[in-house]
Structures are given as structure tokens and as C-alpha cells.
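Hi,

Here is the structure I promised to pass on.

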Amino acid sequence: MKRKVSSVLLNGILLILGIVTVYPFFWMLSSSFKQNKEIMALHQKFLPQEFILSNYESMNAHFNFMRFFANSLLITVAVTLLVIYTSTLCGFVLSKYKFKGREFLFSVVLSTMMIPWCVTIIPKYSMIQSFGWMNSYKALIIPAMFSGFGIFMMKQHIASLPDEILEAARIDGANEFYIFHRIIMPMAKNGISSIAIFQFLWTWEDFLWPYLVINDQEKQLLAVGLKMFNGQYSTDYGALFAATAISILPVLLIYLFFQKQFIAGIASSAVKG
């Protein structure tokens with residue numbers, strides 16, 4: 001009886017927290033179909049009194065929304081794919097190969113997760129300037145190729161894979177590149193899905209670094225574009241809500257497609273260190 005009451009109480013708390021979490025998103029979506037006078041009204045109502053689609057039509061007239069969206073999608077997909085590959089490769093080496101200095105190297109990787117990002121931004125910015133990468137997508141992609149968190153996650157995940165499969169492949173004459181691409185990566189798909197979701201989310205919503213290194217508005221990303229939209233056209237809240245609603249769709253779709261692998265990957269990465 002006590003266990004049943006505790007379960008009901010816990011589910012009730014989770015339901016309340018879930019509603020509190022998603023309510024602002026539904027309010028934003030509903031407001032994207034409202035007129036500005038209704039959004040700014042003193043007495044607010046959740047559903048629009050007059051359902052309109054003009055906000056979605058006018059958002060691209062205020063600023064080049066589709067160009068910013070395409071830029072963000074390009075950079076986010078490129079960075080996510082590179083991080084997946086480098087994290088899986090480094091995790092494979094650190095978990096399945098024994099060599100001198102392996103633990104020290106892994107400690108260095110972990111230390112990158114402990115240093116605040118604000119500490120490294122100035123030297124990284126100076127390096128980008130010295131390399132001549134300012135106002136270039138190189139400044140967004142190359143520094144983000146390696147992820148300490150991704151390497152840590154993939155090392156934990158690949159360490160749980162049986163060594164017997166790798167040894168059998170080596171006996172059959174498979175080289176290390178074949179083992180990595182044809183055996184490790186397919187078997188690590190749950191961990192890869194976890195890294196993909198995290199990295200996609202972090203890159204998609206990154207604001208400060210693109211704002212610092214990209215000066216050309218045609219090359220700018222969506223997170224910065226929404227801020228520019230808000231500052232220059234602060235009265236057109238309906239179009240701003242419409243642009244924001246569309247901007248979160250890629251993240252939602254990525255999570256919906258990979259949620260099962262995401263949960264499995266997080267669980268398997270926590271089993272063995």
C-alpha cells in the first residue's frame with residue numbers, strides 16, 4: 001500500500017514538473033498565431049482569439065530567417081558528425097588499447113570538461129585571429145571537432161563491448177580501421193545517438209561564439225539572428241514567436257527519432273568505467 005501511494009505521489013510530482021516545463025513552449029506556439037495587440041494585451045488568454053498565419057509569412061520579411069536557419073543547420077550537422085566520429089575513435093583507442101600514458105591522456109580529456117568555457121574563450125579567440133579564420137565557418141567547426149564529454153561517454157560505452165568480438169575479427173585478418181568502422185561504430189550506435197542529441201542541441205543553441213567570430217550577416221547563425229530580430233523589430237512579437245517556434249523543431253525531431261537509443265546509450269555508458 002505504501003509503495004502504491006509513493007508511486008502515485010511520485011508520478012503526480014513528475015506530471016506537475018512536466019506541465020511547468022512544457023507550458024511556456026505551448027504558450028509560445030499559441031502566441032505565434034496571435035496578433036501583436038493580443039500578445040500585448042493586459043488580460044492574456046492561452047488560445048488565440050483570432051487565429052492568423054501571417055506571423056509565419058512576415059518573419060522572413062523582417063530578416064533573412066531561412067538563410068540563418070540553413071546556416072545553423074549546416075554548421076550543426078557538420079559539427080555533430082565530426083564530434084561523433086572523433087569521440088568514437090578516441091573512445092575506442094582509450095578503452096580497447098593499452099599503452100603508456102593512457103590514463104594520463106584520459107585525465108587530460110576529463111580536465112577539459114572541468115575548465116569553465118569563459119576561461120578559454122579569450123585564448124581561443126586570439127588563436128582564431130592569428131590563423132585568419134575570423135568571419136569564417138572554420139572558426140565554428142574546427143575548434144568544436146573534439147568534445148571531452150563525447151570522448152568520455154564513448155570510452156565508457158565502448159569499454160562495455162566484449163573484447164572477444166574484436167579478437168575474432170583480428171584472427172580473421174581484419175585491420176583496425178575495418179574493426180572500427182564495421183564493428184565498433186555499429187555496436188556503439190546507442191552511445192553515438194546520445195552524443196548526437198547532446199552535440200546537436202549545444203551547437204544549435206550556441207550564441208556567444210558565433211556572435212564573436214562571424215561578422216557577415218549572411219553567414220550568421222539562427223541563435224544570433226533571433227537576437228538581432230528581437231533588438232531591431234522588438235514590437236513584432238508574433239513574428240518573433242513564429243521564428244522561435246520553427247527554430248526548436250530540429251531539436252525536437254532529433255530527440256523524437258533517437259530517444260530510445262539516447263536512453264539506452266546513457267544507461268550503458270553509466271554501467272562500466
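Below is what turned up, going from helices to charged side chains.

Before anything else, keep in mind that this is a predicted model.

Let's start with helix 14, which covers residues 237-247. Eight of its eleven residues are buried, so this helix is largely enclosed by the rest of the structure. The buried ones are G238, A239, L240, A242, A243, A245, I246 and S247.

Next, find helix 8 (residues 148-159) and helix 11 (residues 189-204), which pack with their axes 9 Å apart. The angle between them is about 165°, which makes helix 8 roughly antiparallel to helix 11, since anything over 145 degrees counts as that. Their crossing is right-handed. On the helix 8 side, the contact involves F149, G150, M153, M154 and H157, and these meet N190, G191, I192, S194, I195, F198 and W202 of helix 11. Sorted by type, the residues of this contact come out as seven nonpolar, five polar and no charged.

Now for the charged side chains. The structure has five salt bridges. One of them pairs R102 with E103, at 3.6 Å from N to O.

Another links E167 and R170, at 3.2 Å from N to O. Both of these sit in helix 9 (residues 163-171), three residues apart, or about one turn of the helix. R170 also forms a salt bridge with E176, where the closest N and O atoms are 2.9 Å apart. Through these shared partners, E167, R170 and E176 are joined into one network. As for accessibility, E167 is partly exposed at 43%, R170 is partly exposed at 26%, and E176 is partly exposed at 28%.

Cheers

Methods
Residues numbered from 1 in each chain as written. Predicted model: local features only at pLDDT ≥ 70, side-chain atom pairs only at ≥ 80, totals over all residues. Heavy atoms only, no water. Buried < 20%, exposed > 50% of the residue type's maximum accessible area, 1.4 Å probe, protein only. Helix = DSSP H or I, 4+ residues; strand = E, 2+ residues; numbered from the N terminus. Axes fitted to C-alpha atoms, helices over the stretch in contact; angles between N-to-C directions. Parallel < 35°, antiparallel > 145°, perpendicular 65-115°, else oblique. Left-handed = near helix turned anticlockwise from the far one by under 90°. Contact = heavy atoms within 4.5 Å. Nonpolar A, V, L, I, M, F, W, Y, C, P; charged D, E, K, R; others polar. Salt bridge = Lys/Arg side-chain N within 4 Å of Asp/Glu carboxyl O.
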